[in-house]
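Visitor: I have a model open and would like to go through its packing. Where do we start?

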Amino acid sequence: MHKLIAIYKQPENAADFNSYFEETHTAITKKIPHLKEIRVNKVFGTPQGKSNLHMIVELCFQDETSFSEAMKTKEAMESGKDLGNFAKDIVSVHFAKETTV
């Protein structure tokens with residue numbers, strides 16, 4: 001499985017962030033072709049206590065071809081552009097290939 005992983009630091013206003021993410025950004029992102037699923041991981045802490053992370057989101061694609069084709073679409077560009085509307089300074093985006101060991 002190939003993934004786009006977005007790691008979000010703690011926002012200034014978690015309620016506003018969550019609302020925008022759930023109601024607006026997710027609707028935009030779900031339009032990306034070949035998207036198999038969206039995994040939303042809400043971070044609640046670390047072994048030491050509070051975390052500086054708020055959420056880790058994984059956009060999952062069946063294989064490298066599906067991932068590559070999806071990343072070239074206008075829908076993927078729109079989703080990426082929308083990050084600037086609510087998460088510009090608190091998000092990092094990474095590409096990964098998942099394997100099971």
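Guide: With a term: contact here means heavy atoms within 4.5 Å. Note also that this is a predicted model.

Visitor: Fine. Which residues is Tyr8 in contact with, leaving aside its neighbours within four places in sequence?

Guide: Tyr8 is in contact with Phe17, Phe21, His25, Leu53, His54, Met55, Val57, Leu83, Phe86, Ala87, Ile90 and Val91.

Visitor: And the largest nonpolar core, how many residues does it have?

Guide: The core has 20 residues. Tyr8, Phe17 and Phe61 are those with the most contacts inside it.

Visitor: Which elements give two or more residues to that core?

Guide: Strands E1 (2-9) and E3 (53-61) do, along with helices H1 (14-29), H2 (64-71) and H3 (74-86).

Visitor: Which one gives the most?

Guide: E3, with four residues.

Visitor: Switching to rings. How many aromatic pairs are there?

Guide: The count is nine. One of them joins Phe61 and Phe67, edge-to-face, at 5.6 Å centre to centre with 75 degrees between the planes.

Visitor: Are those two buried or exposed?

Guide: Both Phe61 and Phe67 are buried.

Visitor: What about Tyr8, which aromatic cluster is that in?

Guide: Tyr8 forms one cluster with Phe17, Tyr20, Phe21 and Phe86.

Visitor: Last topic, Thr73. Where is it found?

Guide: Thr73 is in the loop between H2 and H3.

Visitor: Why does Thr73 count as buried?

Guide: Because its relative accessible area is 16%, and buried means under 20%.

Visitor: What is Thr73 in contact with, beyond four places in sequence?

Guide: Ile32 and Pro33.

Note on methods. Residues are numbered from 1 along each chain as its sequence is written. This is a predicted model: local features need pLDDT of at least 70, side-chain atom pairs count only at pLDDT 80 or more; totals for chains, interfaces and linings use all residues. Side-chain values use heavy atoms; hydrogens and water are left out. A nonpolar core is a set of buried Ala, Val, Leu, Ile, Met, Phe, Trp, Tyr and Cys residues joined through side-chain atoms within 4.5 Å. Buried means under 20% relative accessible area, exposed over 50%, partly exposed in between (1.4 Å probe, protein chains only). Rings of Phe, Tyr and Trp (its six-membered ring) pair if their centres lie within 6.5 Å; planes under 30 degrees apart count as stacked, over 60 as edge-to-face and the rest as tilted.
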